[in-house]
Amino acid sequence: MKLITSTTELASLLRQGGVIAYPTEAVWGLGCDPFNQAAVQRILTLKSRPQAKGLILIAGEPSQLEPWMKTLSEEAAQRLISTTDRPTSWVVPDTQITPSWVRGEHQSVAIRLTQHQPVQTLCQAFGGVMVSTSANPAGLEPAMTAEEVQHYFGDQIDAIYQAPLGQADQPSQVKDIMTGKLFRA
């Protein structure tokens, strides 16, 4: 297992179909290129997560969200890129942009614009959105340290991004971009 501080090196791994662990706002996450079906399948297998559930995407800057923003009203698009007190993943209608292996059984996708600087830098180096799902097998608590990631996944992932965890006290809430309905508190 490689501990890597270089976002350029991590972005290269992602482009090659790699799966990495990285610190999000509150817990450690697993990430990959959402447009690489084999990489997404690796994450689903590692987590024992059914594809039907879908996965969250994370972006580092508003420009990375433009394809989805174009499909939204101006008000909803502003909500998607707004800064929030608590990390918020917005469920956005989508059947044309995000692959079905990321959306699962849904006609939408959950997307978060991170305010956590290490992830912003990683997304910028990668040049787009990444999959963002908690680093834990189904039924276990999300990893809170790189050591816990290592314990859960060992050499089954390609790298761990050596950067600090954010200061949020719980994973992102998930809300509907159109109605504000709360799916996960």
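Where is Gln-64 found, and which strand and helix lie on either side of its loop?

Mentor: Happy to! This is a predicted model, in which local features need pLDDT of at least 70 and side-chain atom pairs count only at pLDDT 80 or more, while totals for chains, interfaces and linings use all residues. Residues are numbered from 1 along each chain as its sequence is written, and side-chain values use heavy atoms, leaving out hydrogens and water.

Gln-64 sits in the loop between strand 4 (56-59) and helix 3 (66-69). Helices (H or I, at least four residues) and strands (E, at least two) are DSSP runs, numbered from the N terminus. With 10% relative accessibility, Gln-64 counts as buried; that word means under 20% relative accessible area, with exposed being over 50% and partly exposed in between (1.4 Å probe, protein chains only).

What does Gln-64 touch? Setting aside residues up to four places away in sequence, it touches Ala-59, Cys-123, Gln-124, Gly-127, Gly-128 and Val-129, where a contact means heavy atoms within 4.5 Å. A polar atom of the Gln-64 side chain also lies 3.1 Å from the backbone oxygen of Cys-123.

Now step back to strand 4, where Ile-56 is found. Ile-56 is buried too, because its relative accessibility is 13%. Its contacts beyond four places in sequence include Ser-89, Ala-110, Met-130 and Arg-184. Met-130 is 74 residues away from Ile-56 in sequence, yet their C-alpha atoms are 8.5 Å apart in space.

Strands 4 and 6 run parallel and are joined by four bridges; two strands pair if DSSP finds at least two bridges between them. Strand 6 also pairs with strand 5 (residues 88-93), in the antiparallel sense and over four bridges. In that pairing, Trp-90 stands opposite Ile-111.

How covered is strand 6 (residues 108-113)? Six of its six residues are buried. Ser-108, Ala-110 and Arg-112 are on one side, with Val-109, Ile-111 and Leu-113 on the other, and both faces are covered.

Finally, the whole chain: it has seven helices and 10 strands. Buried residues make up 52% of its 185 residues. Among contacts with a separation of 6 or more, 68% come from residues 24 or more positions apart.

Methods:
Polar contact = N/O pair within 3.5 Å; in protein donor to acceptor, adjacent residues only side chain to side chain.
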